[in-house]
Amino acid sequence: MIFKRFYDENLAQASYLIGCERIREAILVDPGLGSEEYARAATAERLRITHTTETHIHADFVSGSRALADKLGATLHLSAEGGGEWGYTASALKGAEPLRSGTRIQLGDVIIEAAHTPGHTPEHVSLIVTDGKRGGAPVGALTGDFIFVGDVGRPDLLERAVGAEGSANRSASELYASIQRFKSRPDLLQLWPGHGAGSVCGKSLGSVPQTTLGYERMFNWAFADLDEREFVRRALEHQPVPPRYFAEMKRLNREATTLPPATEISAMGADGLNAALDGGATVVDTRPASRFAARHISRTINIPLGKSFLTWMGAFVPYDRDLFLIVDGDAGAASLITEQLRKIGLVRIGGFADADVVDVWTTRQNKTKQVSQIDAPALDSRRRASPVQLIDVRSPDEWAAGHLPGAIHIPLAALPDRLTEIDAGKPIVVHCQGGGRSAIAASFLKAQGMEAVSNLEGGYDAWVANKLPVEK
């Protein structure tokens with residue numbers, strides 16, 4: 001058996017290529033849109049990709065399963081489990097081979113068998129892999145968003161991301177039952193999950209790329225001796241807020257939609273950028289937060305390039321209007337960014353401007369803006385002297401561990417939907433754990449016209465380091 005793992009750091013997402021050495025055929029599991037990477041790996045191993053599939057309807061990236069199957073002439077396999085309103089649509093299943101519990105895909109000596117493991121989503125399947133050349137017992141399982149290293153897939157996404165009211169508790173119970181069934185498998189079974197640390201498809205995922213069922217049985221909270229009621233409570237507790245784009249991904253992937261072809265992105269100057277802003281377009285400045293804070297163009301949002309770039313772009317950028325970018329570099333740099341944005345279905349890119357546009361802006365009638373920074377001791381003195389709105393944009397588990405006295409908890413991904421909870425007429429200080437997420441939050445609030453916004457330098461960590469009071 002030939003086994004290859006691909007990992008997208010920007011999505012904390014894993015894809016897998018599994019092939020048979022004897023017949024040189026392979027299957028791609030949970031692929032993204034990057035067909036070239038998979039093709040290179042297959043060519044290097046002298047494999048022909050004859051099958052594509054996915055463990056479930058993904059919420060955090062555009063699946064490449066159908067597009068790759070069409071391009072390569074491969075057979076597409078999609079789960080026919082779950083059914084109902086949140087399974088694959090009839091049009092998506094048309095032309096695909098249905099995967100049900102017990103369905104086998106044979107690639108020479110390699111057997112891939114589907115096992116229905118609902119909980120994260122109703123249609124979720126894990127893929128049990130047997131290398132017949134070495135023996136009849138399964139060697140491992142591609143667990144998708146069912147079992148992670150140290151955690152399990154969150155069961156609340158349908159309710160919180162797409163509004164399937166009342167589904168979270170039901171899905172958590174299904175997840176509990178799936179784990180109880182899976183426990184009967186041997187400890188030596190290797191587990192190859194679909195995500196690693198940084199994904200919001202769980203709340204405490206490990207960074208290790210793979211694990212074993214025996215190890216998870218010992219150290220994964222979900223395998224502890226819990227009754228169903230306690231498991232459901234813990235599974236739903238302190239889950240991170242799903243970014244708004246998850247609903248769009250669910251829609252696209254449920255229908256197995258393919259994106260339109262990529263187009264060349266056009267360069268523009270200050271006048272074009274100003275016209276875009278006046279026309280209601282979204283303009284995202286991708287420079288580092290410190291440079292944005294020192295000087296930026298009014299009404300623009302700062303989402304710096306980095307590992308969480310796609311998550312926060314999906315949380316703050318609407319899909320129903322044009323998007324313009326401010327980038328450090330030329331068309332090549334802009335093209336690389338737009339290629340990343342395609343992974344989450346953001347394709348309405350109206351153009352880009354080099355970061356020098358901020359300098360040009362200062363020579364015209366349009367003045368640039370700043371985001372003021374405040375250190376922890378100064379904030380402590382300020383909040384004691386006069387009212388200030390403290391907005392904590394950290395995750396629920398971070399908030400539960402301790403927070404600033406009098407702070408309002410609005411996780412960063414929830415900020416666009418909870419603006420009415422903030423009084424634009426009063427001073428605002430935002431913070432996170434270290435200052436990165438709150439910099440994004442400050443830029444967003446200022447883009448909404450809230451001028452008296454400051455960012456806490458060093459975030460909660462700096463507050464604690466200064467031995468200032470916290471609440472729990």
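**Surface patch and cavities**

Modeller: Tyrosine 215 lies in helix H6 (residues 213-219); helices (H or I, at least four residues) and strands (E, at least two) are DSSP runs numbered from the N terminus. The model is predicted, so local features need pLDDT of at least 70 and side-chain atom pairs pLDDT 80 or more, while totals for chains, interfaces and linings use all residues. Residues are numbered from 1 along each chain as its sequence is written, and side-chain values use heavy atoms, without hydrogens and water.

With a relative accessible area of 43%, Tyrosine 215 is partly exposed, a class between buried (under 20%) and exposed (over 50%), for a 1.4 Å probe and protein chains only. Tyr215, Met218 and Phe219 form a nonpolar surface patch, with about 380 Å² of accessible area together. Such a patch joins nonpolar side chains (Val, Leu, Ile, Met, Phe, Trp, Tyr) within 5 Å, from residues with over 30% relative accessible area and no salt bridge (Lys or Arg side-chain nitrogen within 4 Å of an Asp or Glu carboxyl oxygen). Areas come from the Shrake-Rupley method with a 1.4 Å probe.

A cavity is a set of points on a 1 Å grid where a 1.4 Å probe fits but cannot get out, and lining residues have an atom within 4 Å of a point; a volume is the space filled by probe spheres set on the points. The largest cavity holds about 70 Å³, and its lining includes Glu54, Arg66 and Tyr88. Helix H2 (65-72) and strand S5 (75-79) each supply at least two residues of that lining.

How values were computed: On a 1 Å grid over the protein atoms alone, a cavity is a set of points where a 1.4 Å probe fits but cannot get out, and a pocket is an open set with protein on both sides within 12 Å along at least five of seven lines; lining residues have an atom within 4 Å of a point. Patches are made of residues with over 30% relative accessible area and no salt bridge: like charges are joined within 9 Å, nonpolar side chains (Val, Leu, Ile, Met, Phe, Trp, Tyr) within 5 Å.
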